[in-house]
Amino acid sequence: MISNQLTNKRVLLGVTGGIAAYKSAEICRRLQDEGAEVRTAMTAAAQEFITPLTLQALSKNPVHLDLLDPETESAMGHIELARWADLILIAPASANFISRLAQGRGDDLLTAICLAADCKVAIAPAMNRSMWEKEVTQKNLAQTKSVGISVFAPGEGEQACGETGVGRLLDVPDIILLACELFETGVLSGKKVVVTAGPTREAIDPIRYISNHSSGKQGYAIAEAAAEAGANVVLISGPTNLPKPDRAQLIKVESAGQMLDAVLDQVPGTDVFISVAAVADFKTKLTAPNKIKKNVNGNLTIELSRTPDILSEVTKIKGNHLFTVGFAAETENLLENANSKLKEKKLDMIVANDVSDSEIGFNSDLNEATVLTPKTSINLPKANKTQLARNLIEIISEQLAGFGTDARARS
Ligand SMILES: Cc1cc2nc3c(=O)[nH]c(=O)nc-3n(C[C@H](O)[C@H](O)[C@H](O)COP(=O)(O)O)c2cc1C
């Protein structure tokens with residue numbers, strides 16, 4: 001059955017050397033059915049049980065096999081793969097692999113990826129009953145759990161070796177279900193979240209406009225992460241080339257004025273407003289009704305006026321119940337400028353973002369930011385925009401816990 005629980009999720013499926021390795025092909029397909037983009041990596045032992053060709057054909061991507069191969073490392077090495085993934089799922093995970101993971105080893109590709117990963121990591125162990133029951137295996141499992149790795153505990157029943165007991169790879173549908181559940185944090189359940197994203201376009205004439213380089217990627221990722229956290233999400237977006245986030249209501253707008261109207265329309269009943277859009281600061285004072293001809297004599301002067309300041313308009317009417325988050329995309333004096341904006345606009349939080357660095361700028365897939373509140377400063381290290389969005393949503397949900405009372409005390 002096709003569902004969408006892993007839409008926009010990137011899953012690195014790691015396969016280790018066990019008899020259940022053949023089931024990894026099915027796991028790959030079912031992850032894709034849930035909407036995930038799947039890449040695969042195999043240990044050397046895994047390749048004795050199932051060929052990389054099978055996983056390559058199913059995942060439609062090259063299979064990652066070697067840590068110390070200059071060619072594959074330059075294409076997508078262990079660090080890139082670790083950064084790329086939202087979830088690393090090792091299924092099946094051999095007893096030997098679990099012991100290497102527990103020790104924090106990084107002497108083959110799959111362990112090195114796990115070591116480098118900041119994303120979710122889950123293992124689905126599969127092994128002979130006695131191997132599973134061994135004290136050392138249980139100790140290794142406890143160690144992996146203690147560092148935040150999820151263990152999809154094996155099932156009980158007849159095993160390939162002829163014995164009966166605990167150690168069978170969990171049934172594939174159950175593995176997929178648990179993988180989906182990893183993304184359901186529920187921390188914003190019952191909350192309404194409004195996110196603005198993308199640039200705005202301010203018309204000069206019917207053909208031309210003033211705009212900026214915002215791609216909308218970070219705003220869309222935040223809308224997605226909020227939906228993933230259980231919120232009812234409305235995304236108000238300027239023009240972008242991005243697909244509609246699966247679980248958010250999308251309202252498309254063009255200009256700053258239209259964005260303001262849409263936002264004010266949504267404010268009643270909203271718990272969190274996250275202003276990520278790069279709203280144009282200026283618009284033409286008058287929009288020409290027809291295309292301005294280029295054969296006008298000499299230069300053309302256009303008089304500009306300020307567009308509405310959406311965040312300030314929202315904070316004016318928000319009362320004590322709306323948690324407002326701004327973004328400060330700056331090219332210099334990042335924290336200083338962000339702090340002033342936090343105070344001037346009476347925001348509850350601001351995300352300071354250095355857009356002068358092209359690696360984390362407007363069109364990049366990576367981002368890095370500092371989250372400031374009137375009381376705290378939290379660094380969000382460089383990560384893909386999806387991961388950064390999830391971290392931000394986590395922080396917002398923590399701040400929301402004490403929000404009502406704090407806000408009333410400040411006002
Ligand atoms: C036929 C056969 C089946 C095996 N099945 C399993 C298994 O189901 N689970 C397991 O943990 N090890 C199993 N092993 C042992 C692993 O293949 C061995 O520990 C290997 O070194 C694992 O390497 P890896 O963890 O790098 O993938 C099996 C070995 C053989 C020869």
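Visitor: Is L89 buried or exposed, and how do you know that?
Guide: L89 has a relative accessibility of 0%. Buried means under 20% relative accessible area, exposed over 50%, and partly exposed in between (1.4 Å probe, protein chains only), so L89 counts as buried. A word on the source: this is a predicted model, where local features need pLDDT of at least 70, side-chain atom pairs count only at pLDDT 80 or more, and totals for chains, interfaces and linings use all residues. Residues are numbered from 1 along each chain as its sequence is written, and side-chain values use heavy atoms, with hydrogens and water left out.

Visitor: Which residues does L89 touch?
Guide: Contact means heavy atoms within 4.5 Å. Not counting residues up to four places away in sequence, L89 touches V11, L12, L13, G14, I27, L31, A122, F152 and I175.

Visitor: Where does L89 lie?
Guide: In strand 4. Helices (H or I, at least four residues) and strands (E, at least two) are DSSP runs, numbered from the N terminus. By that count the protein chain has 15 helices and 20 strands.

Visitor: What makes strands 1 and 2 a pair?
Guide: Two strands pair if DSSP finds at least two bridges between them. Strand 1 (residues 10-15) and strand 2 (residues 37-42) are joined by 6 bridges and run parallel, so they pass that test. V15, for example, has M42 of strand 2 as its bridge partner.

Visitor: In what order do the strands of that open sheet come?
Guide: The sheet has 6 strands in the order 3-2-1-4-5-6, with parallel pairing. Strand 3 (63-64) and strand 6 (150-151) are at the edges because each has a single partner strand, which leaves one side of each without a neighbour in the sheet.

Visitor: What makes a residue count as part of the shell around the ligand, and how many are there?
Guide: The shell holds 15 residues, with G17, T43, S94, A95 and A126 the closest. Counting Ala, Val, Leu, Ile, Met, Phe, Trp, Tyr, Cys and Pro as nonpolar, Asp, Glu, Lys and Arg as charged, and the others, Gly among them, as polar, the shell divides into 8 nonpolar, 6 polar and 1 charged. Helix 5 (residues 95-103) gives the largest share, 4 residues.

Visitor: Why is helix 5 called mostly covered?
Guide: Of its 9 residues, 7 are buried: A95, F97, I98, S99, R100, L101 and A102. Their cover includes strand 4 (87-93), helix 6 (109-116), strand 5 (120-125), helix 7 (129-133) and helix 8 (135-146). After helix 5 comes G104, with a positive phi near 70 degrees.

Visitor: Why do E202 and K345 count as buried?
Guide: E202, in strand 10 (residues 202-203), is buried because its relative accessibility is 4%. The E202 side chain makes a 2.8 Å polar contact with the side chain of T200 and reaches the backbone nitrogen of A256 at 2.9 Å. K345 sits in the loop between helix 13 (334-344) and strand 18 (349-354). With a relative accessible area of 17%, K345 is buried too. Beyond its neighbours within four places in sequence, K345 is in contact with D309, L311, S312 and T315.

Visitor: What share of the protein chain counts as buried?
Guide: Of its 411 residues, 51%.

Key:
Near = heavy atom within 4 Å. Polar contact = N/O pair within 3.5 Å; in protein donor to acceptor, adjacent residues only side chain to side chain.
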